[in-house]
Amino acid sequence: MMNFDEKLELIKRNVAEIISEDDLISLLKKKKKPSVYLGTAITGSPHLGYFVWAIKLADFLKAGFKVKILLADVHGALDNTPWDVLDRRYKYYEKIIPLLFDSIGVDTKNLDFVKGSSFQLKGDYVLDLLKLSSYVTIHDGLKSASEVVKMGDNPKISGLIYPLMQSLDEEYLGVDVQYGGLDQRKIFVLAGEILPKIKYDKRIHVMTPLLPGLTGKKMSASDPKSKIDLTESEEDVGSKIRNAECVAGDIENGLLAFLKHVIFVIKKDKKEKFVVERDEKYGGDKRYENYLELEKDFSQKKIHPLDLKNALAKEINILLKPMRKNHAELSRLKKNAYG
């Protein structure tokens, strides 16, 4: 059983920001089983970046939290997913997201998966949503949604509704904490400001960093070159990793970021080492217990980018085994969802 300090340290592992940490400390001291949720909008096809939040939710579970995952179908529509494919995309997410947790050894029986439309279309929720809309200006709505919703040059009203619903979900899911990526920060700030206006409690917000993609930019479901899809073949994983941006000695790249926030976290929890296989003439295999040792060697050009890429591709292919075991069903669902 974890003590208070161990729980707090685990929750803060690889976290970019907490709003506010004092409230989190108070919550951990006062509540035996607090609750947290993460929402994932049903939009693009899930990719490797999703492992970041799967691992963090696993941390919350280990720290004694009740964990809810919102499969946000209505949010997907508000973020430009066509209404006529929404249910098909939901079915794909419903199948593939639990496999993320299987991959990292988390029992999905301990997770609550909630479909957004199961409560977001009901009368009380809609009334509260309209109440919130009367407190938020167009300027603030646009600002809060700007890093999450595809707004474009001529934004749709749906993009303004999105952050209001995400704020309201905290109350209707009955959670103490909302967790998400750092791109959610403006929505989290808005939620803290507007929920008390309709007499609901302000929640705690925990954020992890966004990983750079393979091309050096943000990893994005809408940019195939920047990401590795969860259903990629072993050959495609190898090809994409080999072609990824990774300059010798430069530690600012998506491959090292993924190693830090995903692979080394998993290795630490399993008490395993990360192995970079090399020919004996180049010094033989290197084994790393922690990320900083690897980063130091790479920055000093003691590890060649190709050796690093080969080692990472091997680890990614291990992570994707549960998806490949379900290849036939996932392929069918994905084709229905994305064509």
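Modeller: A word of caution comes first. This is a predicted model.

Start with helix α9, residues 157-172, and helix α10, residues 185-194. Their axes come within 9 Å. They cross at roughly 65 degrees. The crossing of α9 and α10 is right-handed.

Which residues of α9 and α10 meet? On the α9 side they are Y162, P163, L164, Q166, S167 and E170. On the α10 side they are I187, F188, L190, A191 and I194. By type, the contact of α9 with α10 has eight nonpolar residues, two polar and one charged.

S167 is worth a separate look. This serine sits in helix α9. Is S167 buried or exposed? S167 counts as buried, because its relative accessibility is 0%, and the cut-off for buried is under 20%. Setting aside residues up to four places away in sequence, S167 touches I187, L190, A191, I194 and L195. Among the residues of α10 that meet α9 are I187, L190, A191 and I194.

Helix α3 covers residues 50-62, and helix α5 covers residues 86-103. Their axes are 9 Å apart. The packing angle is about 60 degrees. α3 passes α5 in a right-handed crossing.

From α3, the residues in contact are Y50, F51, W53, A54 and L57. From α5, they are Y93, I97, L100, F101 and S103. Nine residues of the contact of α3 with α5 are nonpolar, one is polar and none is charged.

F101 leads on to the core. The largest nonpolar core has 75 residues. Within this core, F65 and F101 touch the most other members. Helix α12 gives the most to this core, with 10 residues. There is a general pattern behind such sets. In soluble globular proteins, nonpolar side chains tend to be buried together.

What does F65 touch? Leaving out residues up to four places away in sequence, the list is I11, L24, L27, L28, K33, P34, S35, V36, F60 and V177. A second core is separate and has 28 residues. V148, V149, M165 and L168 are included in the second core.

Next come the charged pairs. How many salt bridges does the structure hold? The structure holds 23 salt bridges.

One of them joins D269 and R13, whose side chains meet at 3.0 Å, N to O. D269 lies in helix α12, residues 254-270, while R13 lies in the loop between α1 (4-12) and β1 (17-19), so the pair ties together parts that are 256 residues apart in sequence. R13 is buried, with a relative accessible area of 15%. D269 counts as partly exposed at 35% relative accessibility.

Another salt bridge links K12 and E21 through their side chains, at 2.9 Å, N to O. K12 counts as partly exposed, at 34% relative accessibility. E21 also counts as partly exposed, at 28%.

A further bridge pairs E272 with K267. Their closest N and O atoms are 3.4 Å apart. K267 is buried, with a relative accessible area of 10%. E272 counts as partly exposed, at 37% relative accessibility. Some bridges also link up: shared partners join R13, K56, D59, K62 and D269 into one network.

K7 is in helix α1. Why does K7 count as buried? K7 counts as buried because its relative accessibility is 18%, and buried means under 20%. Apart from residues up to four places away in sequence, K7 touches M2 and A63. Between K7 and K33 there are 12 Å, C-alpha to C-alpha, and the two are 26 residues apart in sequence.

D22 lies in helix α2, residues 21-30. D22 is exposed, with a relative accessible area of 61%. D22 and L130 are 32 Å apart in space, C-alpha to C-alpha. In sequence, D22 and L130 are 108 residues apart.

Terms used:
Residues numbered from 1 in each chain as written. Predicted model: local features only at pLDDT ≥ 70, side-chain atom pairs only at ≥ 80, totals over all residues. Heavy atoms only, no water. Axes fitted to C-alpha atoms, helices over the stretch in contact; angles between N-to-C directions. Helix = DSSP H or I, 4+ residues; strand = E, 2+ residues; numbered from the N terminus. Left-handed = near helix turned anticlockwise from the far one by under 90°. Contact = heavy atoms within 4.5 Å. Nonpolar A, V, L, I, M, F, W, Y, C, P; charged D, E, K, R; others polar. Salt bridge = Lys/Arg side-chain N within 4 Å of Asp/Glu carboxyl O. Buried < 20%, exposed > 50% of the residue type's maximum accessible area, 1.4 Å probe, protein only. Core = buried A, V, L, I, M, F, W, Y, C linked by side-chain atoms within 4.5 Å.
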